[in-house]
Amino acid sequence: MPPRLPVIAHWACPSTPATRVSIFSFRRCASSSATSPEIYDVVCVGGGPAGLSLLTGLRNSPITSGLKVALIDGQDLQKSRLPKDASLGSFSNRCSSLTPASVRNLQEIGAWKHANASRIQPYQEMQVWDGVSDARISFDWDTARPLLTPRKPSQPTTIAYMIENVNTTSALLGRLEELGGVATFSSTKVESIELGKDAEDLDLSSWPILTLSNGKTLAARLLVGADGANSPVRSFAGIESRGWDYGRHGVVASLKLEGPGRGGAEHKIAYQRFLPTGPIAMLPLPGNMSTLVWSTTPERAAKLKSLSPNDFIAMVNAGFRLSTADLEYLHSIPSGQAEEIAWRGKHTPINEAQIPTNVVEVQAGTVANFPLKMRHADTYTGERVALVGDAAHTIHPLAGQGLNQGQGDAAALVKTIEHAVTTGQDIGSLLALEQYNSDRYAENNAMLGVVDKLHRLYAVESGPIVGLRSLGLRAVDAMGPLKGFFMNRAAGGA
Amino acid sequence: MAPSRAHNCVRILRYATTRPLRSPSIASIPRRTAPQAAARGFSAQQPKQHEPAKSSVDPTEVSHFNNLASSWWDPQGPSRLLHLMNPLRHTFISRCLSAPAGTPLPSKLRYLDIGCGGGIFAESAARLPKTASVTAIDPTPEVLKVAELHQRRDPLLKQPGRLTYLNKSIEQLPIPTSAEEQYDIVSLFEVLEHVNAPGPFLTQILPHVKPGGWLVLSTIARTWTSWAVTNVMAEDVLRMVPKGTHDWNKYVNEAELRDWFRKQAGWGGVGDGMKTLGVMYVPGFGWKEVPGGEGWGNYFFAVRRDA
């Protein structure tokens with residue numbers, strides 16, 4: 001077992017007498033004293049999509065609904081809820097592409113029906129091309145079918161669902177509220193996590209004891225770290241997380257296009273162009289709205305953020321149309337990009353049928369950027385500890401898999417806990433958690449690796465690599481069944 | 001012998017024994033006791049050395065649990081195979097409880113675990129929501145100490161009456177005088193192959209089972225495969241199981257158990273009253289069910305007391 005490191009935020013009470021407690025005494029004096037930790041089966045730190053999905057899964061399952069569970073989040077969870085009167089003219093800039101597998105899981109745990117459906121946009125086609133060579137691949141279920149086989153009516157047409165992260169958390173919180181039974185500590189910080197003590201009749205020396213900013217102490221049979229990339233739970237468990245920074249930032253924005261898209265409202269298309277500085281992606285939202293994810297150098301990200309709305313819109317349009325040399329120049333001038341692009345556009349041959357329609361408006365206050373990282377924890381489990389979501393892994397956003405991986409983690413951990421409860425295992429024991437680690441680690445690692453390699457492959461600007469990757473892309477594009485295989489993987493299927 | 005073929009079923013530790021050390025070298029294998037086809041007449045006549053009044057445990061089987069105590073609950077330790085097998089025990093018991101033509105048992109069950117060791121099964125049974133109580137007995141004080149120390153690590157198991165350990169052999173347990181004192185599930189996991197006279201030993205257990213309740217056990221068949229796998233591969237070659245754990249001559253065949261229970265009045269006569277499940281340890285995959293495996297390797301056996 002890795003060494004446990006005490007996590008200290010602010011020491012409220014350094015010698016937490018976490019020990020003189022039994023399950024009976026806390027029941028008698030639960031509110032009378034801060035010295036007796038309340039004993040929980042599962043304590044989840046972090047109320048993001050992964051943590052909420054885990055708790056919803058546990059409360060939803062008849063096998064695990066008897067467990068005593070708690071949720072702690074430093075933020076106000078009400079802010080993770082979509083306003084009831086949210087307008088379809090404005091969208092959050094934090095969106096994700098939910099795979100059919102993630103959606104199926106959300107349906108199974110009863111959360112999907114709580115999502116605001118009018119703000120979810122399924123898309124049926126994906127256009128991906130090389131910004132240097134223009135080699136292109138298009139994905140849709142119709143061309144991905146095996147040769148000479150007719151299209152089955154039952155075949156899905158949706159590749160994935162664009163959804164605001166706040167809509168996902170809102171749906172999960174709605175379902176959790178319906179299910180009830182979660183001790184929720186919102187706007188509450190974890191001040192410290194340390195191991196309990198070995199007292200006379202009860203030995204809590206393997207149990208994490210959490211001291212909260214409201215003075216309460218909780219003992220966790222299983223402590224779940226859903227607390228993000230800098231997970232304090234992971235630090236407590238002494239689990240290393242390794243990886244690297246890409247030296248890139250993701251620039252996001254909510255945009256309005258001049259129409260619903262080239263396929264109309266019923267056939268939405270996602271676009272991604274690989275530029276040497278990183279991919280630029282335009283993902284469809286309901287109506288004429290779209291969300292932008294542009295991975296680029298920190299300098300260019302800062303530049304884009306500083307532009308006037310007009311110049312910013314012009315730069316996004318140029319990102320899908322102009323050459324890498326043009327783009328390099330456009331990032332170097334202080335302003336006036338709009339005029340410059342209008343002139344250059346006239347002299348660049350563009351096949352408008354293969355690129356997103358023009359951006360006409362950027363929603364105020366939605367242009368933001370964040371650094372891109374690749375991180376993977378050495379393991380997802382420790383004695384009485386499990387990690388889910390970003391606490392376990394951080395991925396480059398180019399394949400839109402981050403949130404889906406977290407949903408997959410949550411579903412797998414629920415399954416592992418169900419099996420442990422059915423067979424009387426201690427759900428916090430390493431032995432009971434083994435299955436979760438083996439279910440998820442290799443799969444996530446493979447996805448992290450593929451996405452990382454893609455990033456590196458397309459960072460090359462010239463030379464034989466460009467020719468080879470273009471050849472590969474065109475070859476896959478020509479082979480329906482192979483494309484079907486890739487699409488199945490991206491959809492979260494086997 | 002290729003390990004991949006041979007270690008397909010592994011006998012694991014329950015009542016460990018210290019026998020004269022055998023050489024771990026392959027060269028020594030041919031000198032071992034060769035498996036014999038003769039039936040083990042465990043019900044017909046009692047072996048002469050058996051003294052039921054004292055103990056069912058072979059006096060020559062000296063405990064080496066002191067060495068194992070600290071590592072009993074280590075998931076990577078010598079008891080790993082036993083830990084991995086434990087969930088299957090519950091799967092098997094669930095199947096017994098759902099067997100047709102049974103008298104409905106109470107909603108909360110009383111368990112008696114005989115030869116509980118460090119408490120792997122007893123703890124897990126006590127954690128189940130449908131458990132009223134678990135009484136777990138073992139004659140070896142050191143092992144019972146391990147079990148009790150580990151019980152303190154779970155507040156749930158410290159609830160009064162949920163899990164009680166007794167340093168007793170089955171002979172020392174008072175014979176129940178009413179159904180309330182009897183148990184719905186009496187378990188005997190990895191014990192039978194370590195006692196000298198299984199017949200008289202089982203006879204002492206029978207009164208503790210409530211009418212409609214189940215006696216559930218797991219053991220290993222006395223066959224050529226089990227000899228090669230448990231004594232040679234598991235103990236000597238792969239060292240997956242502590243040395244001296246097994247005495248192949250004491251293994252019991254499933255058919256012998258079936259025959260024995262058929263001769264007992266009031267056992268396994270109603271409906272699907274006798275159940276068997278063959279299991280096998282597959283490295284990299286864990287314990288797997290193997291239909292027919294009871295004929296040659298590890299197996300579970302359960303018999304219901306007629307109501």
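A:Y271 is buried, with a relative accessible area of 6%; buried means under 20% relative accessible area, exposed over 50% and partly exposed in between, with a 1.4 Å probe and protein chains only. The model is predicted, so local features need pLDDT of at least 70 and side-chain atom pairs count only at pLDDT 80 or more, while totals for chains, interfaces and linings use all residues. Residues are numbered from 1 along each chain as its sequence is written, chains are lettered from A and ligands numbered from 1 in the order in which they are written, and side-chain values use heavy atoms, with hydrogens and water left out.

**Aromatic pairs**

- Over all chains, the whole structure holds 13 aromatic pairs (rings of Phe, Tyr and Trp, the last by its six-membered ring, with centres within 6.5 Å; planes under 30 degrees apart are stacked, over 60 edge-to-face, the rest tilted).
- A:W129 and A:Y271 form an edge-to-face pair, because their ring centres are 6.5 Å apart and their planes stand at 85°.
- This pair joins distant parts of the chain: A:W129 belongs to strand β6 (residues 125-130) of chain A and A:Y271 to strand β14 (residues 269-275) of chain A, 142 residues apart (strands are DSSP runs of E, at least two residues, and helices runs of H or I, at least four, numbered from the N terminus).
- A:W129 is also buried, at 2% relative accessible area.
- In chain B, the rings of B:F261 and B:W267 are tilted, since their centres lie 6.0 Å apart and their planes at 50°.
- B:F261 is buried at 0% relative accessibility, and B:W267 is buried at 7%.
- A cluster linked by ring pairs consists of B:F92, B:Y111, B:F121, B:F189 and B:F300.

**Charges over rings**

- A:R136 lies over the face of A:W129, 4.2 Å from the ring centre (NZ of Lys or CZ of Arg within 6 Å of the centre and within 35 degrees of the ring normal).
- A:R119 lies over the face of A:F91, at 4.4 Å from the ring centre.

**Helix α4 of chain B**

- Helix α4 (residues 120-127) of chain B is mostly covered, with 8 of its 8 residues buried.
- Among the buried residues of α4(B) is B:F121, which is also a member of the ring cluster.

**Domains of chain A**

- An automatic or database assignment sets the domain bounds: domain 1 covers 19-83 + 166-240 + 378-451, and domain 2 covers 98-164 + 248-371 + 463-490.
- The contact (heavy atoms within 4.5 Å) takes 21 residues from domain 1 of chain A and 23 residues from domain 2 of chain A.
- The two domains bury about 1700 Å² between them, 57% of it on carbon and sulfur atoms (accessible area lost on being put together, 1.4 Å probe, summed over both).
- Across this interface the rule finds 1 salt bridge (a side-chain nitrogen of Lys or Arg within 4 Å of a carboxyl oxygen of Asp or Glu).
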